[in-house]
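Student: I should like to work through this structure step by step. May we begin with the chain as a whole and then turn to single residues?

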Amino acid sequence: MDDCDLGSKHDDFFRRQALAKHLNRQSSGRSMVECSECGEGIPEARRKAVPGCVRCVKCETKFERRS
Ligand SMILES: [Zn+2]
């Protein structure tokens, strides 16, 4: 019984940690890992250079021309 309880607390702890990490990653810059237009991966360098970018270079260029 005690072992079981400890196990579930452990699980909860790790789940919270994973969630916190996930939220941190999302709130810092809010850049997308994948382009919202074509779904291609956005290079980390670009995500760092342009915080909050949601498109790859190709799609961003297209988008800027369109608007
Ligand atoms: Zn794209």
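Student: In what order do the elements of the chain run from the N terminus on?

Tutor: The chain has 3 helices and 0 strands. Read from the N terminus, the order of the elements is therefore α-α-α.

Student: Which element of the chain has the lowest mean pLDDT, and which the highest?

Tutor: For the chain, the mean pLDDT is 81, and 76% of the residues reach 70 or more. Where pLDDT is low, the predicted coordinates should not be read in detail. Among the elements, the lowest mean, 71, belongs to helix 1, and the highest, 94, to helix 3 (residues 57–66).

Student: Is cysteine 38 buried or exposed?

Tutor: Cysteine 38 is placed in the loop between helix 1 (2–27) and helix 2 (44–49). Within 10 Å there are 11 other C-beta atoms. A residue with 12 or fewer is classed as exposed, so cysteine 38 is exposed.

Student: Which residues are in contact with cysteine 38, leaving aside its neighbours within four places in sequence?

Tutor: Cysteine 56 is 18 residues away from cysteine 38 along the chain, and their C-alpha atoms are separated by 8.1 Å. Contact is judged on C-beta atoms, which must lie within 7 Å. With that criterion, the residues in contact with cysteine 38 are Cys56 and Cys59.

Student: Why is methionine 32 described as partly exposed?

Tutor: Methionine 32 also has its place in the loop between helix 1 and helix 2. A buried residue needs 20 or more other C-beta atoms within 10 Å, and an exposed one has 12 or fewer. Methionine 32 is partly exposed because its count of other C-beta atoms within 10 Å is 17.

Student: Which residues does methionine 32 touch, not counting those up to four places away in sequence?

Tutor: Glutamate 44 is 12 residues from methionine 32 along the chain, with 9.7 Å between their C-alpha atoms. The residues that methionine 32 touches are Ile42, Cys53 and Val54.

Student: How far apart in space are glycine 52 and serine 31, C-alpha to C-alpha?

Tutor: Glycine 52 lies in the loop between helix 2 and helix 3. Glycine 52 counts as exposed because it has 9 C-beta neighbours inside 10 Å. In sequence, glycine 52 and serine 31 are 21 residues apart, while in space their C-alpha distance is 4.1 Å.

How values were computed. Residues numbered from 1 in each chain as written. Predicted model: local features only at pLDDT ≥ 70, side-chain atom pairs only at ≥ 80, totals over all residues. Helix = DSSP H or I, 4+ residues; strand = E, 2+ residues; numbered from the N terminus. Contact = placed C-beta atoms within 7 Å. pLDDT = per-residue confidence, 0-100.
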